[in-house]
Amino acid sequence: MEKSGERMFEGETPLISVIIPTFNRAGYVSELIESLFRQTYRHLQIIIVNDAGQSVEFLLKLYPELDITIVDMEHNLKHVHARNRGLELVRGDYIVLCDDDDLLLPTHIERMLEEITDCDMVYSDVEIFDYVLDGQTRRATKRFVFAYKHDIEAMRKFSTFVSSGCLYRKELHEQLGLFDVEMYHYWDWDFFLRAVEHFRVKRVPVASALYAFSEQGGNMSGQHEDMRPFLDKLSAKHGLGELPTKNFLLLLEEPAMLERKAPTEVLWDGEPILSRYARNKGGA
């Protein structure tokens with residue numbers, strides 16, 4: 001089932017379709033929508049795929065200025081299926097991917113669109129931040145820059161591609177097909193490896209996407225025993241050899257990773273993004 005908000009900015013080109021899978025994170029996805037409302041580039045189609053979670057229809061009323069389409073999945077099929085469902089509704093010339101708990105700084109999409117003129121897909125550096133909840137709003141407690149050289153051979157050993165905020169031509173899917181639903185973990189690494197095999201991919205040295213993690217939630221280390229089969233499947237698919245499932249933060253301290261660090265432009269002032277949802281709930 002689909003519900004659409006109003007369309008606007010029809011005179012601008014190109015249209016960019018933003019695909020956001022979500023599941024029971026109303027406060028987080030509201031911050032993301034607020035960050036999209038603040039974009040300097042305004043010609044956006046926002047596709048929210050609700051993976052059989054609590055309703056997010058309230059976003060249509062909170063952000064009537066935005067072109068929002070909400071898709072309610074009948075069953076919870078997890079995030080890769082949800083992204084593929086979002087692809088079915090793309091009207092834009094370009095696609096942006098974003099997790100529902102990540103954020104894009106105001107100039108992000110405009111900059112990515114400028115940078116893609118000589119290639120087919122671009123991705124930015126990010127700031128990774130831990131946070132506490134203050135009402136319905138996340139406030140950063142720790143943050144660090146995640147910026148590494150675009151080295152395709154090195155990316156076969158440890159991927160530094162962050163899918164949130166990446167922008168690419170929708171034609172990629174005509175050759176690559178859909179996202180691989182067999183890759184519940186590492187779907188983004190798989191997508192990157194398939195893309196660089198056939199298309200021109202570029203890193204943009206600006207940390208204009210914000211990647212959320214919580215040490216309490218453990219999403220940066222994960223359950224290694226659960227992730228191992230998917231890592232083995234990824235390795236077999238792309239011929240990557242033996243790959244480690246060490247803690248993410250520990251991997252970043254290894255000499256090979258320290259050598260890959262690259263300079264980047266840092267834009268975020270560390271201030272939280274207060275959404276209309278948080279204002280309505282009284283959370284600031």
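Q: Which residue of β5 is the bridge partner of Ile19?
A: This is a predicted model, in which local features need pLDDT of at least 70, side-chain atom pairs count only at pLDDT 80 or more, and totals for chains, interfaces and linings use all residues. Residues are numbered from 1 along each chain as its sequence is written, and side-chain values use heavy atoms, without hydrogens and water. Strand β2 (residues 16-22) runs parallel to strand β5 (residues 94-97), joined by 4 bridges; strands (E, at least two residues) and helices (H or I, at least four) are DSSP runs numbered from the N terminus, and two strands pair if DSSP finds at least two bridges between them. In β5, the partner of Ile19 is Leu97.

Q: How many of the 7 residues of β2 are buried?
A: In a regular strand, side chains alternate between the two faces of the sheet. One side of β2 carries Ile16, Val18, Ile20 and Thr22, the other Ser17, Ile19 and Pro21, and all of these are buried (under 20% relative accessible area; over 50% is exposed and in between is partly exposed, with a 1.4 Å probe and protein chains only). The number of buried residues in β2 is therefore 7.

Q: Why is β7 described as largely enclosed by the rest of the structure?
A: Strand β7 covers residues 121-134, and its burial was counted over its 14 residues. The description applies because the number of them that are buried is 11.

Q: Which residue takes a positive phi in the hairpin of β7 and β8?
A: This hairpin has 2 residues between the strands. The residue with a positive phi, near 70°, is Gly135.

Q: How far apart are the end C-alpha atoms of helix α7?
A: Helix α7 (residues 187-198) has 12 residues, of which 9 are buried, among them Trp187, Trp189 and Phe192. The expected span is 1.5 Å times one less than the number of residues, so α7 should span 16 Å. In agreement with this, the distance between its end C-alpha atoms is 17 Å.
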